[in-house]
Amino acid sequence: MAGTIGRVLVFSLAEIRFVLDLDHLVEVLDQLELRLDSSRSDLRQGIVAALDFRHTAIPAVDPTLKLGLVSATRYVDRVALVLRGSEGNWAVLVDQIEGLMPADALVRATLPVLLKATPEYSDAQVMLADGVPLVVFEPERFYGINQGVA
Amino acid sequence: MTGFGLFRAGDLNYAIPLVQIRRIVQEQVIYPLPGLPAGIDFVLIYDGNLVPVLFSAFAPDNSRSTDNSSCYALVDSEYGLLALATESSSRIVAEHKGELSVASTSKRPWQTGTFTYQGQDFDILEIDVLATEIARGNGLNDLALSGTRRLNEEETAAGR
């Protein structure tokens, strides 16, 4: 992935901004209406549909299920980020791509004690970019053999 | 001066001992984050740090997040700085200007008493107890501090 070193992708989901290391990213897909097959889901794993990617069905995961969030955007109107994983490619469905930014524009935020006391934030990272918080999206928490462990 | 900051968030009138109030800020943008403990729905950024926002469910116009500007009392606690949502009509009042009464059977563990000023009652908050209850996970059940945003989200989802 030449040209991506030191850059991150910013996306939004349920009004929250996340930042993703580009090393995880394979491709960004939109116009999902003909690509998603919601009859092939496994909600216990957060998989809400199968996504047709390069003539292969890959799991499409909705992170809001695990994060306890609610997005107003329908799955077919979302954007799929195809990620590489230990078990092959998979996709995460997000509301919107905000853009790319240099990684060195991010400053790690110190988490308040009240947040650090919760399991969700015991090892979570939040970055600040121009005073706006961005949650570091860790793919391994959402899909794969190690999901939920990280 | 010994006194209180008197604040209002929707139907909630509350008083904070002056010594614990670091600052009152306006025009602050608040941000939702995933997995916040019950009682906290948003954070704001102050001096480059994340600050948990309390009482946002009581404040007006809390249904929107990142475009919402309001007024917040920044209060020191054993758990660090907290931001309490308030209307802009807050005021600082010397203790002798009002009447203090101790809560006999407080329904809320974080309410130590009442400060009555010009005929209005303000719940005196024990901010460390309040923060402790949130840290223990009692922010929703015992405090009824939160839930409005979640309810809005559920309604949104139902109508989707």
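## Layout of chain B

Along its sequence, chain B runs β-β-β-β-β-β-β-β-β-β-β-α-α. That gives two helices and eleven strands. Helices (H or I, at least four residues) and strands (E, at least two) are DSSP runs, numbered from the N terminus.

This is a predicted model: local features need pLDDT of at least 70, side-chain atom pairs count only at pLDDT 80 or more, and totals for chains, interfaces and linings use all residues. Residues are numbered from 1 along each chain as its sequence is written, while chains are lettered from A and ligands numbered from 1 in the order in which they are written.

Chain B has 160 residues, and 38% of them count as buried. Buried means that 20 or more other C-beta atoms, placed from the backbone, lie within 10 Å of the residue's own. Two residues are in contact if their C-beta atoms, placed from the backbone, lie within 7 Å. Among contacts in chain B between residues at least 6 apart in sequence, 58% join residues at least 24 apart.

## Confidence

pLDDT is the predictor's confidence in each residue, from 0 to 100. Chain B averages 81, and 75% of its residues score at least 70. The model scores ipTM 0.85 and pTM 0.83. Two stretches of chain B stay under 50.

| Stretch of chain B | pLDDT | Contacts beyond four places in sequence |
|---|---|---|
| residues 62–69 | under 50 | 19 contacts |
| residues 145–153 | under 50 | 20 contacts |

## A sheet in chain A

Six strands of chain A form an open, mixed sheet in the order S9-S1-S2-S12-S11-S10. S9 (96–102) and S10 (107–108) of chain A stand at the edges with a single partner strand each, so one side of each has no neighbour in the sheet. Strands pair if DSSP finds at least two bridges between them. S10(A) and S11(A) are antiparallel, over two bridges. Val107(A) stands opposite Leu128(A) in S11(A).

## Core and interface

A nonpolar core is a set of buried Ala, Val, Leu, Ile, Met, Phe, Trp, Tyr and Cys residues joined through C-beta atoms within 7 Å. The largest has 80 residues; Ala60(A), Ala91(A), Ile16(B), Val53(B) and Leu84(B) touch the most other members. Ala91(A) touches residues including Leu51(A), Phe53(A) and Ala60(A).

Between the chains, 24 residues of chain A contact 26 residues of chain B. H2(A) gives the largest share of chain A's side, three residues.

Technical notes: Buried ≥ 20, exposed ≤ 12 C-beta atoms within 10 Å, placed from the backbone.
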